[in-house]
Amino acid sequence: MARRLRFNGTGSGDDGCPSVHEDLDSGEVIVHGPPLADPEDVAQLQHLSEGEVAVVVPRDLLVDWTPKERTRRVRTIDLEEFGGLFGKFEHTAWRLETRRRYASDEATDTYRQFVETGEADWTFDHPYCKTIREQTDQDKRVERVRIVDEPPTIGQLYLLDNAKRNSAMGEDIRNLWRSDADRLRLPAEDFWLFDSRLIALLRFDDDDQLTHVDLITEPAEVVRCSVVRDAAWHHAVPWRQFTAEMKSGA
């Protein structure tokens, strides 16, 4: 079975070499770069076994992108504590949404309305709405990139309609086709990034229910998610434009 490898980062902005990857299951780190080729250099290496290849990488690559601990500094919180994060961030809250469905959406009246009529009667009486309005009124930024399949799932169409409500609260929402997300090698993860320093990684069960949230502050992981944010935000399309182009294409 093939490894599940995640790209952590690279020391080169041109050709992506050398780079660091991480095995998501074993925690092993894979580094690739130019080989150490000079025989006199190779002869100085100790314990180089048959079949092994020495590679040359900048020291900064290992400092910046190699996980500092085998077990990441993760603190698991419940959904109530997670909700409290939206009243505490100082500058920015950024979300990547990659899933094809969210079970919590399907339990709402607005979802049933959307399935029956193609649109929902959005209100602003949810506590989340009040919190986000308070934050955006202070010029804090709340942004999302939502990944959309071709064709979109019902849940994704529902969230495109939901953008009407959330944008009215001051959120900036953009969308990206999954094919483009795959081309950009965006991870299949759902997370919030608060103030470019705190990751809230959302954990779902097999029924697409959000069960808990892992908080991560490890610098290398925060940088990785920030790189993901910058790539996704640059290529994503504002939701109104995305919706209009999707309908015209249909």
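Begin by selecting Ser196: its relative accessibility is 34%, so Ser196 counts as partly exposed. The model on the screen is a predicted one.

**Stop 1: two residues with positive phi**

Stay on Ser196 and look at the backbone. Ser196 sits in the loop that connects S8 to strand S9 (198-204). Its phi is near 55°, a positive value in a residue other than glycine. For comparison, most residues other than glycine have a negative phi.

Next, follow the chain through S9 and select Asp208. This residue belongs to the loop between S9 and strand S10 (210-216). Asp208 is not a glycine either, yet its phi is positive, about 65°. Is Asp208 buried or exposed? With a relative accessibility of 15%, Asp208 counts as buried, because buried means under 20%.

**Stop 2: a cis peptide bond**

Now select Glu150 and Pro151. The peptide bond that leads from Glu150 to Pro151 is cis, and its omega is near 0°. Most peptide bonds are trans. Pro151 is located in the loop between S6 and H7.

**Stop 3**

Zoom in on the S4 end. S4 and S10 run antiparallel and are joined by four bridges. To see one of the pairs, select Arg75 and then Leu215, its bridge partner in S10. In general, strands of a sheet pair through backbone hydrogen bonds, either parallel or antiparallel.

**Stop 3: the sheet of three strands**

Move to the start of the chain. Here an open sheet holds three strands in the order S1-S2-S3, with antiparallel pairing. Strand S1 (5-10) and strand S3 (29-32) are the edge strands, each pairing on one side only. On average, and with direction ignored, neighbouring strands of this sheet are turned by 25° against each other.

How many bridges join S1 to S2? There are five, and strand S2 (residues 19-23) runs antiparallel to S1.

**Stop 4: salt bridges**

Show the side chains of the charged residues. Side chains of opposite charge can pair when their charged atoms come close. The model has 21 salt bridges.

Select Arg95 and Asp190. Their side chains form a salt bridge, with 2.8 Å from N to O. Arg95 is part of strand S5 (residues 92-97), while Asp190 is in the loop between helix H8 (178-183) and strand S8 (191-194), so this pair ties together parts that are 95 residues apart in sequence. Both residues, Arg95 and Asp190, are buried.

Arg224 lies in helix H9 (residues 219-235) and Glu189 in the loop between H8 and S8, so the pair links distant parts of the chain, 35 residues apart. Arg224 and Glu189 are both buried.

Further along, select Arg229 and Asp230. A salt bridge joins their side chains, at 3.1 Å from N to O. Arg229 counts as buried at 17% relative accessibility, whereas Asp230, at 47%, counts as partly exposed. Elsewhere, salt bridges that share partners connect Arg95, Glu97, Arg144, Arg146, Glu171 and Asp190 into one network.

**Stop 5: the largest cavity**

The model has three cavities of 30 Å³ or more. Go to the largest, which has a volume of about 70 Å³. To find it, select its lining residues, among them Glu97, Arg99, Tyr102, Arg146, Gln156, Leu160 and Asn175.

Which element supplies the largest share of this lining? Helix H7 does, with four residues. Strand S6 (141-148) and helix H7 (154-168) each give at least two residues to the lining. By type, the lining residues divide into five nonpolar, three polar and four charged.

Notes: Residues are numbered from 1 along each chain as its sequence is written. This is a predicted model: local features need pLDDT of at least 70, side-chain atom pairs count only at pLDDT 80 or more; totals for chains, interfaces and linings use all residues. Side-chain values use heavy atoms; hydrogens and water are left out. On a 1 Å grid over the protein atoms alone, a cavity is a set of points where a 1.4 Å probe fits but cannot get out, and a pocket is an open set with protein on both sides within 12 Å along at least five of seven lines; lining residues have an atom within 4 Å of a point. Grid points are joined across faces, edges and corners, and a volume is the space filled by probe spheres set on the points. Ala, Val, Leu, Ile, Met, Phe, Trp, Tyr, Cys and Pro count as nonpolar, Asp, Glu, Lys and Arg as charged, and the others, Gly among them, as polar. A salt bridge is a side-chain nitrogen of Lys or Arg within 4 Å of a carboxyl oxygen of Asp or Glu. Buried means under 20% relative accessible area, exposed over 50%, partly exposed in between (1.4 Å probe, protein chains only). Two strands pair if DSSP finds at least two bridges between them. Axes are lines fitted to C-alpha atoms, for helices over the stretch in contact, and angles run from 0 to 180 degrees between N-to-C directions.
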